[in-house]
Amino acid sequence: MSTRAAPPPHTGSRPGGRSARIRAAVHRAVEELLTDEADEQLTIPVVAARAGVHATTVYRRWGSVGELLTDVATSRFSGDIVVPDTGSLREDLERYASDLAKDLNDPDTLPLVRATIGTAGGQGAGACTGERQQQLQAMLEREQARGNQTPTVERVTDAVIAPLYYRAVFTDQALTPEWTRGLVSNLLPD
């Protein structure tokens, strides 16, 4: 009689296994296609060919270009900006807005944001901004724990995040440090 325990049952894909390699290859292909200067349209077959996988694999996993872009954006924008903790809400928001502006100025980021919002609509917008809402909430809760009044997440979004995204996505105007600090000053006047 053997005293070895039976192996645990298989409960899904293995981290780092074939599934993870395919996901990484497809995500990399999307990011490359978006930043390439080529006029190649972003389609599932084009992404699959660039990733070296069969198109049915991509269709089965993501279903559409919009869902694929949403997954890439969610992955890309999760944890990419550290929430500052300077001890002052104003300084936290100034640093945060500056970091977000730098991220939006990144030549790899802006095409992904534009494509995701343009292709996946509200779901894509949520993928690009969802983490931002959580980060703002964390800063505001920390300030409230210090005993201070804060604006709502919605107010901070309207005053700081929305103008940053609008200017980055829809205009050619620069996201300068002075301009981002001005957003915070308008939100939190002295």
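This note sets out numbered points on the predicted model shown above.

1. Basis of the model. The structure is a predicted model, in which local features need pLDDT of at least 70 and side-chain atom pairs count only at pLDDT 80 or more, while totals for chains, interfaces and linings use all residues. Residues are numbered from 1 along each chain as its sequence is written, and side-chain values use heavy atoms, with hydrogens and water left out.

2. Confidence. The predictor's confidence in each residue is given as pLDDT, on a scale from 0 to 100. The protein chain has a mean pLDDT of 86, and 88% of its residues reach 70 or more. In the protein chain, confidence is highest in α8, at a mean of 96, and lowest in α6, at 87. Over residues 1–13, pLDDT stays under 50, and the model has one contact beyond four places in sequence for this stretch; a contact means heavy atoms within 4.5 Å.

3. Overall fold. The protein chain contains eight helices and zero strands. Both kinds of element are DSSP runs numbered from the N terminus: helices are H or I with at least four residues, and strands are E with at least two. Read from the N terminus on, the order of elements is α-α-α-α-α-α-α-α. Among contacts between residues at least 6 apart in sequence, 65% join residues at least 24 apart. Of the 190 residues of the protein chain, 41% count as buried. Here buried means under 20% relative accessible area, exposed means over 50%, and partly exposed lies in between (1.4 Å probe, protein chains only).

4. Helix α5. This helix covers residues 89–105, which makes 17 residues. From its first C-alpha to its last, α5 reaches 24 Å, close to the 24 Å expected at 1.5 Å a residue; the expected span is 1.5 Å times one less than the number of residues. The buried residues of α5 include L89, L93, Y96, L100 and L104. Their cover includes α4 (65–77), α6 (109–145), α7 (153–170) and α8 (177–187).

5. D92. The side chain of D92 makes a polar contact with the side chain of R142, at 3.2 Å. A polar contact is a pair of N or O atoms within 3.5 Å; within protein, one must be able to donate a hydrogen and the other to accept it, and residues adjacent in sequence count only if both atoms are side-chain atoms. Apart from neighbours within four places in sequence, D92 is in contact with P84, D85, T86, G87, M139, R142 and R146.

6. T70. Helix α4 holds T70, which is buried because its relative accessible area is 9%. The side chain of T70 reaches the backbone oxygen of G66 at 2.9 Å. With neighbours within four places in sequence set aside, the contacts of T70 are T116, A120, Q123, G124 and A127.

7. A159. Helix α7 holds A159. At a relative accessible area of 13%, A159 is buried. Setting aside neighbours within four places in sequence, A159 is in contact with L183 and L187. A159 and N186 are 27 residues apart in sequence, and their C-alpha atoms are 7.6 Å apart in space.

8. D36. The loop between α1 (18–35) and α2 (44–51) contains D36. D36 counts as partly exposed, because its relative accessibility is 31%. Which side chain does the side chain of D36 meet in a polar contact? The partner is the side chain of R50, at 2.7 Å. D36 and D108 are 72 residues apart in sequence and 9.6 Å apart in space, C-alpha to C-alpha.

9. Aromatic rings. The structure holds one aromatic pair. Y166 and F170 form this pair, which is tilted, with 5.4 Å centre to centre and 40 degrees between the planes. Rings of Phe, Tyr and Trp (its six-membered ring) pair if their centres lie within 6.5 Å; planes under 30 degrees apart count as stacked, over 60 as edge-to-face and the rest as tilted. Y166 and F170 both lie in α7, four residues apart, about one turn of the helix, and both are exposed. Separately, R167 lies over the face of W179, at 3.9 Å from the ring centre. A charge sits over a ring if NZ of Lys or CZ of Arg is within 6 Å of the ring centre and within 35 degrees of the ring normal.
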